[in-house]
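Let's take a walk through this one together. Have the sequence and the 3D view open as you read.

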Amino acid sequence: MRFVDEYRDAEKAKRLASQIRELCEPGRKYTFMEVCGGHTHTIYKHGLEDYLPEAVTLVHGPGCPVCVIPMGRVDDAMAIARRPEVIMTSFGDMMRVPGGKGSFLDAKAAGADIRMVYSPLDALKIARTNPDRMVVFMGIGFETTAPSTAMTVLRAAAEGLTNFSVFCNHVTIIPAIKAILDSPDQRLDGFIGPGHVSTVIGCRPYEFIAGTYGKPLVCAGFEPLDILQSIHMLLRQLADGRAEVENQYTRVVPWDGNRRALEVISQVMELRPYFEWRGLGFISRSALRMREAYAAYDAEARFDVPGVRVADPLACQCGEVLKGVLKPWECKVFGTACTPETPIGTCMVSSEGACAAYYNFGRFTRRRLEETSLT
Amino acid sequence: MTAEQTAVAAHPSREEQVLLRIEKARARKPKIREERVTLAHGAGGKATQTLVEAVFVDAFRNPALESLDDGALVDVNGGRMVFTTDSYVVSPLFFPGGDIGDLAVNGTVNDLAVCGARPLYLSAGFILEEGFPIADLRRITASMAAAAARAGVQIVTGDTKVVQRGSGDGCYVTTSGVGVLDRELTLGVLSVRPGDAVIVSGPIGEHGITIMIARGELDIEADLTSDTAAIHELVAALLDAVPVHMLRDATRGGVATVLNEVAQAAGTAIVVEESAVPVRPIVNGACELLGLDPLYVACEGRFVAVVDGSYADTAVEVLRRHPLGEGAAVVGRVEADPAGLVLLKTTFGGTRIVDMLVGDPLPRIC
């Protein structure tokens with residue numbers, strides 16, 4: 001397939017892998033965090049870690065939108081979804097995310113009208129064809145998906161639709177990265193920057209990571225060669241004693257981002273004073289809510305939501321996994337009480353979650369591979 | 001084994017202990033945790049397997065059922081018959097390349113065929129929703145008749161029920177089928193052994209992607225038709241030519257689900273070469289867009305065969321001579337270790353696990 005196969009070339013991967021090995025100083029260990037869940041998915045889907053030397057460890061960061069949604073917000077969404085007049089619409093990933101009282105999938109089986117959509121515009125379509133029902137879109141995701149939610153609200157307003165609203169859970173990436181950098185137990189050497197978020201916010205917002213914290217960041221694309229090249233760029237910086245923000249994903253990411261998309265977000269949404277992240281706790285100014293001017297499209301304003309905070313299950317160590325302090329398999333409940341069929345923590349729900357990715361694709365460690373005749 | 005590996009085996013690292021614990025948890029008897037049926041129970045993956053084993057097998061337990069093959073082998077007055085049943089609830093009812101009618105005939109014919117049987121007779125049960133157009137029903141029955149004629153089977157009995165408007169999705173069809181087993185076979189998961197070759201009879205995922213696009217929920221158009229077809233002739237040609245150890249049609253849950261069922265039941269590993277798996281570019285493209293893996297997408301006219309490794313080339317040659325087997329290919333091999341797992345050697349050059357599907361193949365959001 002054109003524009004895809006080029007970025008999955010095994011020969012080029014081998015060459016890059018040997019250049020990566022050459023850049024590793026003997027005896028030195030390197031730990032890089034890929035912030036975005038899309039990268040985690042690529043890494044496992046293609047078996048990319050097979051190309052990395054022992055010295056390089058990848059840590060899977062908090063950039064999986066459904067993984068960071070706190071249980072109380074899921075319960076709030078379900079309280080809205082259970083109202084007889086409501087049609088709740090949601091991206092597929094959200095369907096299995098457990099709140100304090102089950103998931104959307106369970107609520108649907110119990111009679112709630114919850115429909116999976118591929119785009120918020122599909123939710124708008126449902127609103128047009130069901131004028132007697134209230135259609136709510138479960139807005140989740142980083143700056144990647146926030147513009148399309150905001151666009152949809154603008155379109156609903158332009159059409160004068162009164163039976164459409166958004167339950168806004170959009171979050172912003174920079175405060176999450178900062179929270180990880182400020183966490184005392186982090187030992188990261190650099191970041192593989194989230195490519196899709198960067199198409200909207202650009203590379204500039206990351207400059208403090210290099211400037212203040214002295215860690216290199218490379219904005220990366222989502223094909224396996226993109227990620228290998230980004231790791232190479234990070235190692236190059238470390239070898240040269242540099243800490244800079246670099247853009248590997250130049251074919252998509254403009255340095256200054258997408259101004260129009262940012263304008264649309266800030267027209268419709270504003271920063272919340274604080275928001276709870278699953279595993280990371282409360283982070284100030286880290287999420288978006290609907291502006292007063294668009295209160296008519298704000299599900300939180302239109303419906304009474306319980307707004308009860310639900311503590312994460314005690315056994316769940318999603319927070320440590322999201323911060324990169326624990327590898328998925330080091331969590332106490334990984335793979336036994338917490339599996340993709342019965343997730344306790346959200347890292348196990350989405351295929352982009354660090355734990356689900358490791359469980360589904362990565363469980364077979366490199367050493368076990370070497371013991372069999374497969375390599 | 002090197003000294004270091006011996007040390008590892010004696011004192012497994014914490015990671016390895018965790019992995020062992022997971023394998024044990026995986027091998028445990030399935031237990032249903034949900035209080036209600038969810039859509040995941042119908043998606044063909046782990047949840048379906050759990051529902052079938054914890055509810056149905058538990059209630060109906062008998063040797064013919066417990067092998068959980070596509071059909072049951074039963075003795076009737078000394079004659080060996082294969083008996084199978086399948087329900088069809090596809091939406092939309094009409095799609096490029098077929099409709100619920102030919103799907104219902106081909107699917108049941110194929111279930112008989114992959115058990116090694118010669119399909120003979122089918123039943124057809126209809127659950128119709130009040131208000132369903134008779135013209136549509138005629139269209140469905142016409143394509144059922146045509147599919148039955150092509151497959152050389154007769155629809156000899158049937159049933160009709162009508163439910164209130166809103167209680168059904170237009171038309172559901174259930175077909176059961178019997179066939180006669182008139183050849184000596186050692187077909188069955190237990191004959192699968194290391195060294196065997198894994199063959200797929202043609203390009204995969206076409207039915208599933210066609211249906212997704214035909215639902216019209218995605219603004220995608222593609223020049224693609226369902227692969228629904230009766231494969232009994234193709235199967236017979238293969239069985240005549242080479243020693244076949246296992247046959248299964250790759251419907252709901254796709255090729256990956258079949259391979260996992262085989263690896264688990266046979267206690268072997270299956271290693272698949274991603275670059276060898278036949279997938280049309282248009283299916284690959286749709287899967288890339290939707291965040292799906294073609295290995296999990298349903299086919300309705302493709303099967304997976306496990307044959308003695310030394311006959312792999314002959315098997316592919318025989319299949320390719322038939323129009324429905326033109327795209328047949330060896331996609332992998334059976335290995336002893338790691339037992340129960342399906343591994344994929346990716347085109348990129350890495351290795352990963354291909355596990356059972358957990359729920360519906362949910363599209364990723366970013």
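This is a predicted model: local features need pLDDT of at least 70, side-chain atom pairs count only at pLDDT 80 or more; totals for chains, interfaces and linings use all residues.

**A hairpin in chain A**

That pair sits where strand β11 (residues 274-277) of chain A meets strand β12 (residues 281-284) of chain A, and the two pair in the antiparallel sense over four bridges. Together β11(A) and β12(A) make a hairpin, with three residues between the strands. Look at A:G279 in the turn: its phi is positive, about 85°.

**The open sheet in chain A**

Now move to an open sheet of five strands in chain A, ordered β2-β1-β7-β8-β9, where the pairing is parallel. The edges belong to β2 (56-63) and β9 (245-247) of chain A; each has a single partner strand, so one side of each has no neighbour in the sheet. Going from one strand to the next, the twist averages 25°.

Zoom in on strand β1 (residues 30-36) of chain A and strand β7 (residues 190-194) of chain A, which run parallel and are joined by three bridges. As an example, A:E34 has A:I192 in β7(A) as its bridge partner.

| Strand pair | Sense | Bridges | Residue pair |
|---|---|---|---|
| β1(A) and β7(A) | parallel | three | A:E34 and A:I192 |

The sheet also has a helix across it. Helix α2 (residues 37-45) of chain A lies across β1, β2, β7 and β8 (217-220) of chain A, and runs at about 120° to β1(A).

**Over to chain B**

For residues 69-180 of chain B, UniProt lists "domain: PurM-like N-terminal", in an unreviewed entry. That stretch of chain B is 29% helix and 46% strand, and its end C-alpha atoms lie 16 Å apart.

How do two of the helices in chain B pack, and at what angle? Helix α5 (residues 100-113) of chain B meets helix α6 (residues 134-151) of chain B at about 30°, and their axes are 7 Å apart. Angles under 35 degrees count as roughly parallel, so that is how α5(B) and α6(B) are described. The crossing of α5(B) past α6(B) is right-handed.

Who makes the contact? On the α5(B) side the residues include B:I100, B:V105 and B:V109, while α6(B) brings in, among them, B:I140, B:M144 and B:A147. The residues of this contact between α5(B) and α6(B) split into eight nonpolar, three polar and two charged.

How values were computed:
Residues are numbered from 1 along each chain as its sequence is written. Chains are lettered from A and ligands numbered from 1 in the order in which they are written. Side-chain values use heavy atoms; hydrogens and water are left out. Two strands pair if DSSP finds at least two bridges between them. Axes are lines fitted to C-alpha atoms, for helices over the stretch in contact, and angles run from 0 to 180 degrees between N-to-C directions. Contact means heavy atoms within 4.5 Å. UniProt positions are given in the numbering used here, feature names are shortened, and annotations may be inferred rather than shown by experiment. Angles under 35 degrees count as roughly parallel, over 145 as roughly antiparallel, 65 to 115 as roughly perpendicular and the rest as oblique. A crossing is left-handed if the near helix is turned anticlockwise from the far one by less than a right angle, and right-handed if clockwise. Ala, Val, Leu, Ile, Met, Phe, Trp, Tyr, Cys and Pro count as nonpolar, Asp, Glu, Lys and Arg as charged, and the others, Gly among them, as polar.
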